[in-house]
Amino acid sequence: MSITNWSLISLLSSSIEQCKSIEFMPLTSTDEYKVYCYCEENIYLCLNILEIKPIVSLCYSFIFSKDYQQDNQLNISTRVLLCYTTECLTSWNIRRRLLLSRIINIQEELQFLDILLNLKPKSEQLFRYRRWILKQEEIDKVSTNKELELCDRTAEKHFINYASWLHRRWIIQYLNVNIDEELERNRLWLEKNLSDSSGYSFRAHLLSKKVLDENLIRNELNMNDNMLEFYYDRESLWIYRQTLIFLAMKLQIIDKKQLLSNELDSIKKIQENFFSNRYSRLLNTLLSSDGKQFRT
């Protein structure tokens with residue numbers, strides 16, 4: 001390995017460590033020199049998307065080189081590599097060891113992950129590593145609001161981001177978040193992202209944590225009614241409504257025939273479209289079978 005190559009990786013690592021935001025974009029190189037990054041006021045770092053392959057190859061070479069196995073060297077090479085590709089399990093395992101050895105500071109590593117999650121908001125490996133770090137921290141030092149805000153941000157940056165919602169499920173359980181408060185936060189999020197079916201899937205998960213009754217289901221259906229009045233062509237709303245009906249059908253005390261009949265009457269008030277017709281066919285099928293498959 002040449003000194004020049006290691007100096008390049010060290011420079012990239014230093015830039016990454018100092019900056020608060022990272023983006024990939026094409027940067028123009030010349031015959032005389034290659035442009036690998038551009039840093040603006042130590043805040044915004046642009047990595048050259050045209051030079052990803054050589055940097056990744058260099059990082060792997062250093063990580064598996066016997067001459068670059070000191071802790072500080074591994075910290076540098078893995079930090080750079082994970083900005084270019086977050087799916088390198090070897091790098092994550094190296095950083096786990098460095099963190100347990102206190103070579104890496106927990107709070108600084110969480111800040112590094114914040115930057116990476118803005119860059120790669122759907123990376124399962126990133127979220128998995130973040131959960132592992134949070135388990136190493138004293139639980140009273142973990143900021144619930146910060147984690148929930150992170151989930152909001154990553155879910156908005158990438159449509160149907162199940163990696164983000166899975167992390168949120170873990171946070172809800174690990175930090176014992178109030179379900180009613182989380183349902184309200186979710187309602188506000190869905191008002192701005194009502195086409196995102198993953199948000200409704202998470203809401204159904206929250207409902208499963210509560211004692212279901214007819215009033216709760218009815219409140220959810222009313223919320224769905226209000227949205228369908230203006231956005232009757234959004235598939236996510238119809239899928240969630242179907243989920244609510246299936247949940248209601250499992251309630252012992254509810255009159256299933258009456259529920260299905262009321263639903264058929266209710267959707268007649270909504271402008272007819274492909275999704276409403278499909279939903280009507282489902283209701284008629286359930287009604288004709290008398291909902292027997294839901295009886296326990």
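**Pockets and aromatic pairs**

The lining of the largest pocket is made up of six nonpolar, four polar and seven charged residues (Ala, Val, Leu, Ile, Met, Phe, Trp, Tyr, Cys and Pro count as nonpolar, Asp, Glu, Lys and Arg as charged, and the others, Gly among them, as polar). The model is predicted, so local features need pLDDT of at least 70 and side-chain atom pairs count only at pLDDT 80 or more, while totals for chains, interfaces and linings use all residues. Residues are numbered from 1 along each chain as its sequence is written, and side-chain values use heavy atoms, with hydrogens and water left out.

The volume of the largest pocket is about 320 Å³. Of its 17 lining residues, Glu17, Glu108, Glu109, Gln111 and Phe112 are the closest to the centre. Here a pocket is an open set of points on a 1 Å grid over the protein atoms alone where a 1.4 Å probe fits, with protein on both sides within 12 Å along at least five of seven lines, and lining residues have an atom within 4 Å of a point. A volume is the space filled by probe spheres set on the points, which are joined across faces, edges and corners. Helix 1 (3-18), helix 3 (71-84) and helix 5 (106-119) each give two or more residues to this lining, and helix 5 gives the largest share, six residues (helices are DSSP runs of H or I, at least four residues, numbered from the N terminus). Domain 1 (1-103) and domain 2 (105-177) each supply at least three residues to the lining of the largest pocket, with bounds from an automatic or database domain assignment.

The second largest pocket holds about 180 Å³ of space. Its lining, which includes Leu99, Arg102, Gln136 and Lys141, divides into four nonpolar, two polar and four charged residues. Domain 1 and domain 2 each give at least three residues to this lining as well.

Turning to the rings, 13 aromatic pairs are found in the whole structure (rings of Phe, Tyr and Trp, the last by its six-membered ring, with centres within 6.5 Å; planes under 30 degrees apart are stacked, over 60 edge-to-face and the rest tilted). Tyr60 and Phe64 are stacked, at 6.3 Å centre to centre and 10° between the planes. The centres of Phe62 and Tyr68 are 4.6 Å apart with planes at 70°, so this pair is edge-to-face. Both Phe62 and Tyr68 are buried (under 20% relative accessible area; exposed is over 50%, partly exposed in between, with a 1.4 Å probe and protein chains only). Ring pairs join Phe62 and Tyr68 with Trp6 in a cluster.
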